[in-house]
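This briefing reviews the fold of one chain and the contact between two others. Please consult the sequence and the structure shown below.

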Amino acid sequence: MSEADGIMRLRQPISVTYNWSAGPNATSHLNGLLDGTLVGKRCPGCSLVYFPPRNGVCPKCARILGADVVVGPRGTITTFCVVNVPFLGQKIKLPYVAAQILLDGADISMQHLIQECEASDVRIGMRVEPVWKDRSEWGPSLENIAHFRPTGEPDRDMGVEAGAS
Amino acid sequence: MADLCAVVGVGQTKHASCRADVSIAGLVREAVDRALADANIGIDDVDAIVIGKAPDPLEGVAMPELWLADALAAHGKPVFRVHTAGSVGGSTAIVAAQHVMAGIHGTVLTVGFEKQSDGNAMWALSVPIPFGMPVHAGAGGYFSPIVRGYIKRSGAPSHIGAMVAVKDRTNACKNPYAHLHEPDWTLEKALESPMMWDPIRFVETCPSSDGAMALVIMSEERADKHAGPKAWVHATAMRSEPTAFAGREQVSPRAGEMCAEDLWRKGGITNPAKEVDVAEIYVPFAWFEPMWLENLGFAPRNEGWRWVEDGVTDIGGSLPINPSGGVMSTNPIGASGMLRFGEAAMQVMGKAGEHQIDGARKAVGHAYGGGSQFFAMWLVSSSKP
Amino acid sequence: MPRRDVAIVATAQRPNEVGSTLTSVELILPVINDVIAKVGIERQKIGFWCHGSCDYMSGQPFSFVAAVDAIGAWPPIVESHVEGDGALALYEAWVKIQTGECDVALVFSNGKTTSGPIDRILNLQADPYVVTPLWPGFDSLAALQARACLDAGVLTEADMAEVAARSYRDALNNPIAYAKENVTAEQLLARPYTTAPLRAHDCGVPVDGANAIILAAGDAARSLAERPAWIRGIDHRIDTQRLGARSMTESSSAAIAAVKAGVGDDRIDIAELHAPYTHQEILLRRAMNLGEGTHVNPSGGALVSNPAMAAGLARFAEAAESVFSGSADRVLAHCTSGPMLQQNLVCVMEGE
């Protein structure tokens, strides 16, 4: 048996570098984050407010989003899960709560972490507020918010069926 | 206007977490060779090849169908590549069938595959987007809040997911090709399985698999002359909707409902639960079984979980779901949809071996992908419509 | 003959640029709205949408999913995606219409070719075990083919320069094209090699672009356009990818596809060939037996503007537009994929 007979797999690292654009329609949103403000956008067609303004487009109407709208900072949890599985690139300590949060004034929920309470205390309808990192760590990203924490306000029933956006 | 077509051959690989014994081409040919043998034709009898798979970063080969042209003896033939995320195995089978239905080709080979052990599937499924907030851990982290939404609105008891998991893993033991062969699951053991993304337990999640599935589809003219059982394609349907928009119904997406409605209408089905003998539906997380039972129009809203509890979806039940073990037991992403479509065909061809549902005449294959936004289905039968 | 008469009724292209800072969705949305506005059809009347793009070029798995945001997929639509050029998405849509499942389809494609190292990315299209680890580069593979052609006497460097000069000059009339220049073959021959025997002008310029086309069958087409570009034949074939396993001086898959598409049945006024390299245009002309009377790439072709994954569909748009305007009666549109003209799609269209 030659040495070659033992070669069954080949490790081939592949590295490709891209320039990623957030696009001009994300500018006000990202500038807002640099400033500690949560800026969403309103669709000129259906008037719904998107935060974050994904791709700057309303997916229902296929229209570029229009006016900037400041939303939050508080919001309501619409659904959540408790993450207990490690994964490549993970930075957060297990277990942690990943939640969909409907910020006041927005019409679509956004995803973030819930901390400063027991995972078992988190519930649909819970009111939360953002906890920002130190300003020196800020960049154009939602990561400027370290996590959301309960405000202590009474839970809100939004009249939206559980599991809808 | 469209011709009738039929599946005349089915072949799949032995699915496993790592098929280090074959190259990508070898994996594909294992399924293809079995399908050709099952159809009793040679590779030169194939007029065209339609290939589907999920994102190429899963293996690190861009547009691998180009390189695979040699392995598939495709010189001088058309090769076509479909990519519709998780539903791709299903949509690929539909595109292949449509080449025959349109009268363009008489014999089409279609294959779905994924050799995801070659790369890092978790990374490929959660590549962080700049300027965003990386929070969820893979597909489970995306879907578990939606599952939570279903449990809340339906009032389902918390053991339903575990019941589906036990059923699917036990079914898989009757399927020699399935990835997971775990014969000793009980409900008690399953309820002790650790929570991964609460409310989804480890046992309720699909594995990551290497595997491939291939089908040979023939025109009515050729299929009529072909000895052996056939799965006539009565209807196909596809629907898509955006990933996220304000007010989007996430638990039972409208695109899934409409896809099923279209399928039933085209297939002349007025009472799906009664008229369909068996269904292979795309359940990557156990709770999706009751959710899809409702979404596809089998069970009434908020009642899907009762059907699970009552054993309706067991192999011995009145609507067996995933007798093959389903995505819960085997999940090569690019192949999974075609596994559902192919297993449905196998049922009406009487070729499902130990997991054959007796007397299965009409079967449904279903696949979904993305953020529960891409849906593909087909209805097959042992007789012509 | 195909069972249903299907025609291109409208096209929209985005002027190509370099270093775009738009997202792919922002690139696609205007061309889709544009092409729909051109025929004035209600969105809901579009029975099938199909998209061509490539995850590796976008830099993200499932990159095409975001594009669904650009097409207003609500209420839910019938939609599909190919991992490849929009021209292949057009083929899938044409097949769908042939089944009778729909009468009107919209296909679109996008390529932000300048956001990543395209030459390196296209390396990943090769045999992962024995070719990719050598990282040959897409331009290098094309150069190997050009060298083989030169050595075989199939063409000369002057022939290649002539293709480039003609393309760069023709591009002056095309607002979509990126590179354009009033230049002669002699001037180009004086410029240095980049990947010998190729010079910079012998290689398609990577650009960012997006386009969309609407197809319709029979009377639907007649109601949407004054002079539809009827698809008389369309076919695609693939060759071996194994370097050295086929002749580099011809493209048999292009030849077969051309015959099946009916190219030889009558004269071709305009042929829009997707040739990202000058020598490949010459090979394609030969493979398809295009005569002297055929005007090749009046748009400038992919040589002056190559938005990968949208460059093939751009050829279809250009060819169809020449029918719409009446400047041509019978045209050819072509798309290639893979190294050295491995896979080829050929389509013949006619005005009525």
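Predicted model: local features only at pLDDT ≥ 70, side-chain atom pairs only at ≥ 80, totals over all residues.

Of the 352 residues in chain C, 68% are buried.

**Fold of chain C**

- Twelve helices and twelve strands make up the secondary structure of chain C.
- The globule rule gives 20 Å for 352 residues, and the radius of gyration of chain C is close to that at 19 Å, so chain C is as compact as a globular protein of that length.
- The C-alpha trace of chain C spans about 55 × 45 × 40 Å along its principal axes.
- Among contacts in chain C with a separation of 6 or more, 79% are between residues 24 or more positions apart.

**Contact between chains A and B**

- In this interface, 40 residues of chain A are in contact with 38 residues of chain B.
- On the side of chain A that touches chain B, at least two residues each are supplied by strand E6 (75–83), strand E7 (96–103) and strand E8 (110–114) of chain A.
- E6(A) provides the largest share of that side, with five residues.
- By class, the side of chain A that touches chain B holds 23 nonpolar, eleven polar and six charged residues.

**Strand pairing across the chains**

- E6(A) pairs with strand E5 (residues 195–198) of chain B in the antiparallel sense, over two bridges.
- Val83(A) has Trp197(B), in E5(B), as its bridge partner.

How values were computed: Residues numbered from 1 in each chain as written. Chains lettered and ligands numbered in written order. Helix = DSSP H or I, 4+ residues; strand = E, 2+ residues; numbered from the N terminus. Rg over C-alpha atoms; globule rule 2.2 N^0.38 Å. Buried ≥ 20, exposed ≤ 12 C-beta atoms within 10 Å, placed from the backbone. Contact = placed C-beta atoms within 7 Å. Nonpolar A, V, L, I, M, F, W, Y, C, P; charged D, E, K, R; others polar. Pairing = 2+ DSSP bridges.
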